[in-house]
Each structure stands twice: as C-alpha cells, then as structure tokens.
Amino acid sequence: MTATTALRTEHDHILSVVACLRAACSAAGAPNGFDGESFGSMIDFIKNYADAWHHAKEETHLFPALEARGLPRDGGPIGVMLHEHGIGRSCVGHMADNLAAAIDGDETARAIVTQYAMAYADLLVAHIQKENGILFNIADQVLSVEEQARLERIYETAVPEGADAGTGKRYEALAAALCQRWEVDPAEAAQLGQGEFGCHAG
Ligand SMILES: [Fe+2]
Ligand SMILES: [Fe+2]
C-alpha cells in the first residue's frame with residue numbers, strides 16, 4: 001500500500017464519522033434528540049484520529065516530502081491544507097468547550113456544538129476532496145518510488161506524538177460503532193470524498 005493509499009483509507013474512516021456527525025446534528029433538532037455521548041465520542045475521534053493521527057502524518061511526513069520536491073508551503077495546495085487543518089481544530093475546540101453544558105441541557109451550548117459540527121463536516125468533506133482529487137495525485141506524480149517507499153515504511157511503523165501503536169485501529173473500531181449507532185453505510189460515506197475533483201486515483 002502506498003503512503004497516499006494509506007492516507008486515502010484513513011479519509012474513508014474520517015468521512016464515515018463526518019456522516020455520523022451530520023446525522024447526529026439532524027437528530028439534535030428533535031425533542032430529546034441531542035445525543036451527548038455520541039458527540040463526545042465524535043469529538044474524541046476528531047481530536048485523536050482525524051487530527052492527532054491523520055493530519056499529523058500529513059504535516060510531519062507527506063507535506064515536507066512534497067516541499068522537498070519543490071511544492072511551495074505558502075500560496076499553494078500545502079498552505080491551503082494546513083490552513084484548513086487549523087480551521088478544523090478551531091471548530092472541534094468550540095464543540096469540546098460547549099459539550100458539557102450541552103449535555104446539561106443548555107440550548108445555546110447545544111446550538112454551538114451542532115453549528116460547529118456542521119461547519120466541521122462541510123470543511124472536512126471539501127478538504128478530503130481536495131487531497132484525494134488534487135494533492136495526493138500530485139504526490140503520486142512528484143514523489144520517487146524510493147520516497148513513496150520511505151513514507152510507506154514510516155506510515156506502517158511510526159506512531160504520531162501522543163498516540164500509541166493501537167490508536168489507529170482503536171479509533172477505526174469507534175468509527176464502525178458510530179456508523180452502527182447512526183445507521184451510516186461507510187462505503188456510501190466514503191463517496192463523499194470523491195466529489196468534484198474526480199475519481200479515486202490510486
Ligand atoms: Fe489534510
Ligand atoms: Fe487528509
């Protein structure tokens with residue numbers, strides 16, 4: 001599995017939780033529909049898998065490898081991706097800050113949690129479409145076979161800071177459990193990542 005294929009697979013898990021997030025936001029509009037436990041699990045997933053696991057791999061290994069091949073950090077696709085990672089962190093920060101009050105029944109806090117959850121979902125769908133459809137295709141073209149193999153080895157063995165070797169599998173199991181809870185089909189959710197930038201290129 002190439003490094004970009006491994007990252008595309010992680011996108012599929014992230015998109016399944018994004019679909020759950022949207023379902024939970026729809027449900028939250030109904031009386032007693034706010035599922036605080038689910039929002040807590042999804043915030044945990046976003047912080048510790050989508051960001052601290054997946055984005056960390058992009059920022060620590062893939063993006064520097066692309067910069068070394070001449071892609072500018074500022075003003076190009078890498079800069080856009082880094083900027084969007086930051087917006088995502090801000091969204092999930094607002095969700096986390098308001099979760100306890102939302103669970104206690106505070107309507108304003110619930111509105112803030114769902115508002116930022118919807119914003120995060122839209123951001124991540126567009127972000128993953130750009131990585132799947134543009135940046136990772138560029139990576140597949142500009143990285144040498146040796147560089148792809150080096151990244152592949154890193155992705156098989158390296159554990160991002162703050163995570164452990166079981167982090168990936170643990171959160172992928174959490175994503176599967178959330179899909180059951182929210183009746184989300186992971187294969188259908190993965191289609192969100194194809195979007196306007198073309199089909200899945202491996
Ligand atoms: Fe990214
Ligand atoms: Fe990504």
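The legends below describe close-up views of a predicted model. Local features need pLDDT of at least 70, side-chain atom pairs count only at pLDDT 80 or more, and totals for chains, interfaces and linings use all residues. Residues are numbered from 1 along each chain as its sequence is written, chains are lettered from A and ligands numbered from 1 in the order in which they are written, and side-chain values use heavy atoms, with hydrogens and water left out.

**View 1. The iron ion (ligand 2) and its protein donors.**
Donors are N, O and S atoms within 2.8 Å of the metal (3.2 Å for Na, K and Ca); water is not among the atoms, so sites may look incomplete. Along the chain, the donors of the iron ion (ligand 2) are spaced H-x42-H-x3-E-x72-E. The four donor atoms subtend angles of 83 to 168°, which makes the arrangement around the iron ion (ligand 2) irregular. Four donors count as tetrahedral if all angles lie between 85 and 135 degrees; four count as square planar and six as octahedral if opposite donors are over 155 degrees apart and all others between 65 and 115; anything else is irregular. E58 lies in helix α2 (residues 36-68) and E131 in helix α4 (residues 107-142), so the pair ties together parts that are 73 residues apart in sequence. Helices (H or I, at least four residues) and strands (E, at least two) are DSSP runs, numbered from the N terminus.

**View 2. The iron ion (ligand 1) and the E58 bridge.**
E58 (OE), H85 (NE2), H127 (NE2) and E131 (OE) coordinate the iron ion (ligand 1) at 2.0 to 2.2 Å. E58 bridges the iron ion (ligand 1) and the iron ion (ligand 2), which lie 3.2 Å apart. E58 in helix α2 and H85 in helix α3 (residues 77-103) link distant parts of the chain, 27 residues apart. The donors of the iron ion (ligand 1) follow the spacing E-x26-H-x41-H-x3-E. Angles at the iron ion (ligand 1) run from 87 to 177° for the four donor atoms, which makes this arrangement irregular. E58 is buried, at 0% relative accessible area. E131 is buried, also at 0%. H85 is buried, at 2%. Buried means under 20% relative accessible area, exposed over 50%, partly exposed in between (1.4 Å probe, protein chains only).

**View 3. Packing of α1 against α4.**
Two packed helices are described by the angle between their axes and the distance between the axes. Helix α1 (residues 3-28) packs on α4 at an angle of about 160°, with the axes 9 Å apart. Axes are lines fitted to C-alpha atoms, for helices over the stretch in contact, and angles run from 0 to 180 degrees between N-to-C directions. α1 and α4 are therefore roughly antiparallel. Angles under 35 degrees count as roughly parallel, over 145 as roughly antiparallel, 65 to 115 as roughly perpendicular and the rest as oblique. The α1 and α4 crossing is left-handed. A crossing is left-handed if the near helix is turned anticlockwise from the far one by less than a right angle, and right-handed if clockwise. The contact of α1 with α4 has 16 nonpolar, five polar and five charged residues. Ala, Val, Leu, Ile, Met, Phe, Trp, Tyr, Cys and Pro count as nonpolar, Asp, Glu, Lys and Arg as charged, and the others, Gly among them, as polar. A117 lies in helix α4 and is buried, at 0% relative accessibility. The C-alpha atoms of A117 and L21 are 6.6 Å apart, across 96 residues of chain.

**View 4. Packing of α3 against α4.**
The axes of α3 and α4 come within 8 Å and cross at roughly 155°. That makes α3 roughly antiparallel to α4. The crossing of α3 with α4 is left-handed. The contact of α3 with α4 divides into 19 nonpolar, five polar and four charged residues. G93 sits in helix α3 and is partly exposed, at 23%. G93 and V113 are 20 residues apart in sequence, with 9.7 Å between their C-alpha atoms.

N32 is found in the loop between α1 and α2 and is exposed, at 81%. E183 lies in the loop between α6 (167-181) and α7 (186-190) and counts as exposed, at 75%.
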